[in-house]
Amino acid sequence: MMGRLLHIGSLLLLVLSICINAHAQKRNDLTLADDHLILLLDLHSPEPMLDSLLKTAGIERPDIKMIIRGNYTSLRKLGWNVLPMNGKLLRIDRSLSDINSGKPMKLTSGFTNPVNRPGYPEEVLYGVNNFARITVHELPNGLTRFFLPGNPKAKRVMLSGNFNNWSTLQGVMLKTDSGWIRDIRLEPGIYAYKYIINGHWSIDGNNNLSQEDGAGNVNSIYYRYNFSFRLPGYENAHRVIVAGSFNDWDTGDLIMNHIDGGWELRLYLHDGIHQYRYLVDGNPVTDPINKAIRKDSSGNRNSLLNLGETINFKLSGYENAQHVYIAGNFNNWAPNELAMKKVNGIWILPRTFAAGNYQYKFIVDGKWITDPANPHLAREENHVNSFLSVKPNHTFRLKGYGDAKIVSLSGNFNNWDKGGYTMEHKGDEWLISIQLKPGRYVYKFIVDGEWIQDPGNKLWEGDHDGNSILFME
């Protein structure tokens with residue numbers, strides 16, 4: 001999912017330490033999403049905390065007592081959209097364009113990272129849907145259809161989930177003679193969702209999969225599939241199971257379906273390298289369609305599956321080397337595991353990766369070296385490794401500084417490593433592309449040892465020297 005940097009005109013971001021511990025215990029949250037400032041309030045919170053949160057969002061004289069009693073007139077007069085939710089939760093939001101037309105605002109560190117927060121499921125290695133009645137399915141055009149049966153008397157039904165940042169402004173469903181539908185485009189993965197029926201939030205009653213979000217709520221869970229295991233033949237078998245490294249070789253988990261000509265199981269499977277085998281009435285069988293085989297430490301023969309993007313590592317200039325290996329954080333830096341092959345004097349190794357950021361080195365006859373063809377380095381304390389981003393979704397740019405010797409990027413995405421990620425000088429700017437999950441990131445550039453704010457980003461923390469802020473959607 002491509003992210004975008006939110007430039008908010010003259011918006012001045014000041015980070016205040018307001019009731020951080022209380023925020024963790026209550027369900028208060030301040031976020032940016034869909035060009036809206038969104039504030040989630042737990043009305044069970046102490047009045048001073050609610051007062052501080054509302055003032056932080058630019059509401060100077062909030063009438064807390066009236067809001068707790070359910071009178072939201074003062075908020076609506078100020079241009080806020082108000083949606084009461086279950087469990088004394090109140091969601092208010094306002095367009096950033098409306099906010100920008102007024103005076104600058106001060107916002108707190110309540111801006112949170114959507115990753116690993118309520119309503120945003122963590123990544124999983126695999127997943128299979130479980131419906132009492134199938135109400136979510138894929139269409140031939142690639143869209144995913146959500147169907148809510150019945151509710152003929154409902155005036156308005158919305159679909160909300162982590163795929164639209166739990167928006168109450170998007171996701172209007174279309175009424176049909178049998179229920180309500182909404183078609184959206186989803187990438188493979190795990191999704192949490194609910195329906196909003198006449199303002200009331202509801203899980204999908206036909207979906208047997210649900211997940212607590214850690215904040216006292218339960219959401220329905222849907223997996224957008226991307227893979228099918230198929231085993232031809234074995235028509236007389238009673239039970240066929242697929243087990244692999246992705247489900248800890250569980251022999252009772254993934255039961256395959258009997259189809260014409262064999263057995264099949266559709267599922268979501270995360271990018272990466274997986275080993276697996278079939279169990280036909282308890283007997284292990286490798287995949288006859290897949291010729292890639294790997295033996296495990298016990299000598300078992302397993303089928304090998306590579307999902308993701310294939311990177312072709314190449315090393316030139318070492319024609320006389322006897323042995324060349326590659327090692328990185330993708331194989332726990334094992335030095336003698338991934339051997340490269342010499343082709344026409346160039347050492348080559350293709351390898352499949354899931355989207356993410358990686359570090360690596362070549363090992364030439366026992367000597368560890370960085371990739372001479374890769375300008376991007378990751379500098380961590382006393383270690384310098386080559387840096388690789390697979391399926392990057394954001395490019396950091398710093399214009400000017402043509403006389404600088406080294407320009408690097410550092411932030412909360414790499415634990416603020418002092419050396420950072422080395423950027424490449426192209427034309428009149430320094431560049432590096434990396435892969436980032438949805439969330440809030442803070443960062444700075446390091447120009448010949450001097451830490452500077454991103455001059456092209458008008459969103460920052462604290463004072464004018466604070467860290468630059470990036471929101472990925």
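In this predicted model, F229 and F246 are both buried. The structure holds 28 aromatic pairs. F229 and F246 form one of them: the ring centres lie 5.8 Å apart and the planes meet at 25°, so the pair is stacked. The cut-off for stacking is an angle under 30 degrees. The pair links distant parts of the chain, 17 residues apart. F229 belongs to strand β15, residues 227-232. F246 sits in the loop between β16 (240-244) and β17 (254-255).

A tilted aromatic pair is formed by W416 and W451. Here the rings are 6.2 Å apart, centre to centre, with 40° between the planes. W416 lies in the loop between β34 (407-411) and β35 (420-422), and W451 lies in strand β39 (residues 450-452), so the pair ties together parts that are 35 residues apart in sequence. W416 has a relative accessibility of 29% and therefore counts as partly exposed. W451 is also partly exposed, at 36% relative accessible area. Buried would require a value under 20%.

Aromatic residues also form a cluster. Ring pairs link F131, F146, F163, Y191, Y193, Y195 and Y222 into this group.

N164 occupies the loop between β8 (157-161) and β9 (174-175). Its relative accessible area is 8%, so N164 is buried. The side chain of N164 has a polar atom 3.3 Å from the backbone oxygen of L159.

β33 runs antiparallel to β37 (residues 429-434), and six bridges join the two.

Note on methods: Residues numbered from 1 in each chain as written. Predicted model: local features only at pLDDT ≥ 70, side-chain atom pairs only at ≥ 80, totals over all residues. Heavy atoms only, no water. Pairing = 2+ DSSP bridges. Helix = DSSP H or I, 4+ residues; strand = E, 2+ residues; numbered from the N terminus. Buried < 20%, exposed > 50% of the residue type's maximum accessible area, 1.4 Å probe, protein only. Polar contact = N/O pair within 3.5 Å; in protein donor to acceptor, adjacent residues only side chain to side chain. Phe/Tyr/Trp six-rings, centres within 6.5 Å; stacked < 30°, edge-to-face > 60°.
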